[in-house]
Amino acid sequence: MTAVLDHGGDAPMERVALVDLLDRLLAGGVVITGDLVISIADVDLVQVSLRALITTVRDELLPEEDRP
């Protein structure tokens, strides 16, 4: 699978493999947020909030004793 990246402006669009796109996103980090509200007759019964940060851990950030 491939995806098309649009850098905006007059820059040409770039085709990249989906695996490469995922690698780029994880290298910089991805924040996922979401809210779910279940209500009946305008009365909120359940509210669920999701906040997640997904990123890679680099060896430079690990303490010396944890490095492979």
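Asp-42 lies in the loop between β3 and β4, where strands (E, at least two residues) and helices (H or I, at least four residues) are DSSP runs numbered from the N terminus. The model is predicted, so that local features need pLDDT of at least 70 and side-chain atom pairs count only at pLDDT 80 or more, while totals for chains, interfaces and linings use all residues. Residues are numbered from 1 along each chain as its sequence is written, and side-chain values use heavy atoms, with hydrogens and water left out.

**Overall architecture**

- The protein contains one helix and four strands, which follow one another along the sequence in the pattern β-β-α-β-β.
- Of the 68 residues in the protein, 6% are buried, a class that requires under 20% relative accessible area, whereas exposed requires over 50% and partly exposed falls in between (1.4 Å probe, protein chains only).
- The protein exposes about 6000 Å², of which carbon and sulfur atoms supply 58%; accessible areas come from the Shrake-Rupley method with a 1.4 Å probe, and for residues only the protein chains shown count as cover.
- Among contacts (heavy atoms within 4.5 Å) with a separation of 6 or more, 16% are between residues 24 or more positions apart.

**The hairpin and its turn**

- β3 and β4 pair in the antiparallel sense over eleven bridges, pairing being assigned if DSSP finds at least two bridges between two strands.
- Within this pairing, Val-37 has Gln-47 in β4 as its bridge partner.
- The two strands form a hairpin with two residues between them, and both Ala-41 and Asp-42 are placed in that loop.
- Ala-41 has a phi near 55°, a positive value in a residue other than glycine, and Asp-42 likewise has a positive phi, near 60°.
- Ala-41 counts as exposed because its relative accessible area is 71%, and Asp-42 is also classed as exposed because its relative accessibility is 78%.

**The nonpolar patch**

- Leu-36, Ile-38, Ile-40, Val-43, Leu-45, Val-46 and Val-48 form a nonpolar patch on the surface, with about 620 Å² of accessible area together.
- The elements that give two or more residues to this patch are β3 (30-40) and β4 (43-54), and β4 supplies the largest share, four residues.
- Patches are made of residues with over 30% relative accessible area and no salt bridge, with nonpolar side chains (Val, Leu, Ile, Met, Phe, Trp, Tyr) joined within 5 Å and like charges within 9 Å; a salt bridge is a side-chain nitrogen of Lys or Arg within 4 Å of a carboxyl oxygen of Asp or Glu.
- Leu-45, a patch member in strand β4, counts as exposed because its relative accessibility is 52%.
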